[in-house]
Amino acid sequence: MGTSKSITRELRSWFRLPKSRREFLDRLTFVFLAVIAVIITLPFFAIVFEVVANGWILLNPAFILTNMVGFAEGGIRNAIVGSIELVAIASMVAIPLCVGAAIYTTEYAQRGRRRARRWVQELNKWVIRIVEFTADVLAGVPSIIFGAFGLIFFVAVFGRSLIAGALTLALMMIPTILRTTQESLRAVPLSLREASLALGATTWSTSWRVVLRAALAGIITGILLAIGRVIGETAPLLFTTGFNFDAPWGFLDAIASLPFTIYLYALQGHTEIIRLRAYSTAIVLIGIVFVVDVIAVWASKKVGLVVRAGGV
Amino acid sequence: MSQRNWRKILFGASTRDLVGRTLLLVFAIITSFVIVLIFSQVWARAFPAIIILGPELLGPVWDPTVTEQYGILVFIAGTLWVTGLSLLIAIPIGIAGSLFLAEYCPHRLKEPLRLILILMAGIPSIVYGLWALYTLVPFLRDLISPLYIPVWDSLTNSFVWISMEWYSGYGVLPAAIVLAIMLLPTIVAVSYDSMVMVPDTLREASYALGASRTETSIKVVLMTALPGVGAAVLLSLGRAVGETMAVLLVTGNNTTFPRWIFDQSYVLTSVIANQLGLAVGGYPLMESALFVVALVLLLLSMFFSITAKMVVSWGMRKQGLR
């Protein structure tokens, strides 16, 4: 951290010969590691270039605003609207659940009820531990397992439908939203809570009117990160949504989505038009994900939350 | 008691507090219950196959429709090959990258690099798969096919099983490469975090003893951050085992045993993705066997994420950071 020099100083020191074997090795390591860093970022540019260079040919307003007609014709409106519907419903389920659970763990179980009985305090400590532990385990569960679970749990009730897919995605959003909400609630200074409690407010109104408002930007960051993560997920939707050439709003209708459409294109074979359509759909998907992620990173800087590549 | 008092008790602030707290506790219980629910459902579906098939599940042949053999060993072998090779590529590069980011990177480059890593982690896996399918597979085919025949023909006498006239481009190698690319952001980010947490006093002490920047970063920073790096490896192992879409499109999905990196393979996640939809229709035993595969995946991922957490907390305690 504290050892990186400025670029100009770095460059200037390059123009003299190394004085010793150790200094030579030092510079060699720097070059080696810099090359590695370039190698790491290279695939990113390669993939984005590949997708954009192939996909922009078909990309026009009609492609975005019309429904698919078969797989090779029409636009991809059904997939775009379907993805938005799925993520919107998933968020509506996941956000209250996770924010509520996070408020319980940080406001009630941790701070509130200091005068509570011993066993209540012990119980609360265990609730915090269990909620955090299960969220961390859930974060590591492979997405295809969510798909399989959605198939036997939600599809059994609703059939392959919008609501089954959205509920499956909601489960995937839980760890990200829960952990970032906890983190940003804990970052709210204690003095704000004390001031509110001293005015006679209950923990309930302190949580909702003071703490939650102070932590709002951080919570929104977490929500955006979760949305950016699940909007690109294909595996949970494989068995849960079905496919539709239109984008209806009925909860029990089958629904298309962007990642699933790309998957179907990839399965369809290698004709040129299918390949280009797959890339165009990928541009739209990557575009949405990047915009959401960049907003999340920008919002996180405002509140001093650290966003890390790869989520929780 | 007057009317007013009753209203206060039923709708007053403290009642709202109590009701709200109970509601939030229910929410907290629901979020923790999700993993229990998933585990129990998968276990319940996997149970019949475990009882009926027993050790047959560990057989090497998967042919549920014709000969009705349900051996999942071929998928475990595929996952081991793909995951092992991808980690072999990703771990050294990832650790070197995080060392660069933490110790060598000029300040001006740090933020853009981290943003690129975040965006890289954000690219959906199906897009990685699409890229691998349309670019990496043809590239590897054109690269390796011409090399292959002259180089390996002389050896086929001694190693018959590696003989191959024409390399399709699919198989363990492209899957491992695309998986390595997908894992890199996680490895770099997690080990970078643990390197940043190394106190500056250690670096200063090392410099004061006359160590160069390389010596300091490798012998002091990397060694101190080793538990975090270990956690990064474990986390990425969990991700690698569970990755579905990108791998699915390029492994070739062939149920023969993969014996080296140019062979086609079939991994645990792919077989669920490809066959579960079919099996739920009318093959109860096949469905159950597929849930055994899901159970294996679930246990593996839980094992890796729990171990990663334990390694992190152990390392932090050891260093007195928490």
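The side chains of B:Lys309 and A:Asp136 form a salt bridge, with N and O 2.8 Å apart. A salt bridge here is a side-chain nitrogen of Lys or Arg within 4 Å of a carboxyl oxygen of Asp or Glu. B:Lys309 sits in helix 12 of chain B and A:Asp136 in helix 5 (residues 118–140) of chain A, so the pair joins two chains. Helices are DSSP runs (H or I, at least four residues), numbered from the N terminus. B:Lys309 is partly exposed at 39% relative accessibility. A:Asp136 is buried at 12%. Burial classes follow relative accessible area: buried under 20%, exposed over 50%, partly exposed in between (1.4 Å probe, protein chains only).

The model is predicted: local features need pLDDT of at least 70, side-chain atom pairs count only at pLDDT 80 or more, and totals for chains, interfaces and linings use all residues. Residues are numbered from 1 along each chain as its sequence is written, chains are lettered from A and ligands numbered from 1 in the order in which they are written, and side-chain values use heavy atoms, with hydrogens and water left out.

Over all chains, the search finds 15 salt bridges. One of them crosses between chains, from A:Arg22 in helix 2 (residues 21–55) of chain A to B:Glu215 in helix 8 (residues 213–224) of chain B. Its closest N and O atoms are 2.8 Å apart. Both partners are partly exposed, A:Arg22 at 38% and B:Glu215 at 23%. Within chain B, B:Asp200 and B:Arg203 meet in a salt bridge at 2.7 Å, N to O. Both lie in helix 7 (residues 200–208), three residues apart, about one turn of the helix. B:Asp200 is partly exposed at 34%, whereas B:Arg203 is buried at 2%. Elsewhere, shared partners link A:Glu132, A:Asp136, A:Arg179, A:Arg186 and B:Lys309 into one salt-bridge network.

The interface draws 95 residues from chain B and 91 residues from chain A into contact (heavy atoms within 4.5 Å). The two chains bury about 8400 Å² between them, 75% of it on carbon and sulfur atoms. Buried area is the accessible area (1.4 Å probe) that two parts lose on being put together, summed over both. In chain B, B:Arg21, B:Leu24 and B:Tyr134 lose the most area to chain A, together 8% of what that side buries. Three salt bridges are counted between the chains. Helix 2 (residues 13–53) of chain B gives the most to the side of chain B that touches chain A, with 19 residues.

The largest nonpolar core holds 201 residues. Such a core is a set of buried Ala, Val, Leu, Ile, Met, Phe, Trp, Tyr and Cys residues joined through side-chain atoms within 4.5 Å. B:Val127 is among the members that touch the most others. Beyond four places in sequence, B:Val127 touches A:Ile47, A:Val51, A:Ile262, A:Ala282, A:Leu285 and A:Ile286.

A:Thr181 lies in helix 8 (residues 162–186) of chain A. A:Thr181 is buried at 0%. Its side chain reaches the backbone oxygen of A:Ile177 at 2.6 Å. Contacts of A:Thr181 beyond four places in sequence are A:Val99, A:Ala102 and A:Ile219.

B:Pro284, in helix 12 (residues 284–319) of chain B, is exposed at 61%. B:Pro284 and B:Arg45 are 239 residues apart in sequence and 9.5 Å apart in space, C-alpha to C-alpha.

Conventions: A polar contact is a pair of N or O atoms within 3.5 Å; within protein, one must be able to donate a hydrogen and the other to accept it, and residues adjacent in sequence count only if both atoms are side-chain atoms.
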